[in-house]
Amino acid sequence: MPSLGTPSETIAVLQKYHFNFQKKFGQNFLIDPHVLDRIVEAAEITKEDCVLEIGPGIGTMTQYLAESAREVVAVEIDKNLIPILQDTLSAYQNVTVINDDIMKVDIAALAQEKNAGKPIKVVANLPYYITTPIIMGLFESHVPLKSVTIMVQKEVADRMRQEPGSKEYGALSLAVQYYAKPEIMANVPPNCFIPRPNVASAVIRLTRYEKPPVEVKDDRYMFALIRASFNQRRKTLANALSNDPGLHLTREQVMQALETLDMNPLIRGEMLSLEQFASLSNIL
Ligand code: SAM
């Protein structure tokens with residue numbers, strides 16, 4: 001049985017170790033057992049699974065994961081949390097704690113070592129200051145992944161699911177939808193954390209596609225087009241792409257591609273679906 005997850009248990013551990021929260025690490029610890037159960041349930045963890053937890057904090061969710069998974073690897077940047085984790089996770093033989101910055105960890109090598117290179121599941125209550133680089137890093141580095149079940153800012157979770165034309169639709173929506181199926185699994189209010197964050201949160205599950213939903217000859221080129229389109233989202237697509245110094249495209253080349261695709265020459269990037277970006281990238 002987990003020994004953490006309620007406000008009183010969390011406060012007792014924090015006091016025992018005189019722990020000071022570090023704002024720069026985005027530390028908001030979960031104190032609601034229902035939310036913890038919901039995350040493990042949403043990630044569909046079984047005794048077959050090897051789970052990577054990013055930012056275990058004092059080990060609250062790690063305990064829940066260790067109960068359900070075969071193996072858990074938890075990567076925590078804050079060295080002051082390591083002695084606490086040694087204590088709170090001492091009953092679990094299937095947990096490895098690594099004191100490092102997740103952005104510097106070779107996750108593919110970790111999956112190789114701990115799961116014979118088979119797909120792992122990532123579960124995390126993410127530090128909000130690096131949500132996007134973490135998600136993009138996981139997908140773009142081609143780590144073998146089954147799914148990523150994460151607590152993020154509600155607004156970011158919504159952005160990942162947006163369709164063309166909405167104000168929040170952007171490069172993150174397209175990248176997530178190229179690699180995975182996004183589903184919001186729970187909405188989580190600030191009072192489920194200590195200290196309380198200033199924003200509402202949500203648990204989103206990203207289930208990795210075995211094959212992307214669109215056919216792209218060069219996905220790095222497609223993402224370069226996507227980034228250029230949204231860097232200047234008020235401009236027409238033809239202007240945004242031809243103005244981008246890295247793409248070396250003329251306005252005429254873009255106009256011609258739009259014509260071939262039977263698209264409005266004045267269209268903005270924010271109106272293009274993933275499928276249309278894929279076609280444009282294949283032509284250009
Ligand atoms: N999982 C815990 C929970 O739910 O109570 C803590 C979640 S807290 C939102 C985020 C955690 O990520 C903190 O423990 C923080 O120190 C850690 N963290 C922040 N940046 C990190 C990084 N770059 N690499 C690894 N861990 C990081």
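This is a predicted model: local features need pLDDT of at least 70, side-chain atom pairs count only at pLDDT 80 or more; totals for chains, interfaces and linings use all residues.

Reader: Which residues line the second largest pocket?

Author: The lining is made up of Ile102, Met103, Val105, Asp106, Ile107, Ala108, Pro133, Ile134, Gly137, Leu138, Ser141 and Val143. Two elements give two or more residues to that lining, namely helix H5 (107-115) and helix H6 (131-140).

Reader: And which element gives the largest share of that lining?

Author: That would be H6, with 4 residues.

Reader: How does the lining of the second largest pocket divide by class?

Author: There are 9 nonpolar, 2 polar and 1 charged residues in the lining of the second largest pocket.

Reader: Okay, what about the largest pocket, how much space lies there?

Author: The largest pocket has about 320 Å³ of space. It is lined by 15 residues, and the ones closest to its centre are Lys23, Gly26, Asn28, Pro197 and Asn198. By class, its lining has 6 nonpolar, 6 polar and 3 charged residues.

Reader: Let's turn to cavities. How many of 30 Å³ or more does the structure hold?

Author: There are 2 cavities of 30 Å³ or more. The largest cavity contains about 370 Å³ of space, while the second largest cavity has a volume of about 40 Å³.

Reader: Which residues lie nearest the centre of the largest cavity?

Author: Those are Gly55, Gly57, Glu76, Asn125 and Pro127, out of 29 residues in the lining. Several elements each supply at least two residues there: strand E1 (29-30), strand E2 (50-54), helix H3 (60-68) and strand E3 (71-76). The class breakdown for the largest cavity is 18 nonpolar, 7 polar and 4 charged residues.

Reader: And the second largest cavity, what lines that one?

Author: Its lining consists of Cys50, Leu52, Val73, Leu110, Ala111, Lys114 and Ile120. Both E2 and H5 supply at least two residues each, and H5 gives the most, with 3 residues. H5 is also one of the elements that give two or more residues to the lining of the second largest pocket.

Reader: How many residues of each class are in the lining of the second largest cavity?

Author: You'll find 6 nonpolar and 1 charged, with no polar residues.

Reader: New topic: which domains does the assignment give?

Author: The domain assignment of the protein chain gives domain 1, spanning 7-208, and domain 2, spanning 219-283. Their C-alpha centres lie 34 Å apart. In the contact between them, domain 1 takes part with 12 residues and domain 2 with 12 residues.

Reader: How much area is buried between domain 1 and domain 2?

Author: About 990 Å² is buried between domain 1 and domain 2, and carbon and sulfur atoms give 67% of that area.

How values were computed. Residues are numbered from 1 along each chain as its sequence is written. Side-chain values use heavy atoms; hydrogens and water are left out. On a 1 Å grid over the protein atoms alone, a cavity is a set of points where a 1.4 Å probe fits but cannot get out, and a pocket is an open set with protein on both sides within 12 Å along at least five of seven lines; lining residues have an atom within 4 Å of a point. Grid points are joined across faces, edges and corners, and a volume is the space filled by probe spheres set on the points. Ala, Val, Leu, Ile, Met, Phe, Trp, Tyr, Cys and Pro count as nonpolar, Asp, Glu, Lys and Arg as charged, and the others, Gly among them, as polar. Domain bounds come from an automatic or database domain assignment. Contact means heavy atoms within 4.5 Å. Buried area is the accessible area (1.4 Å probe) that two parts lose on being put together, summed over both.
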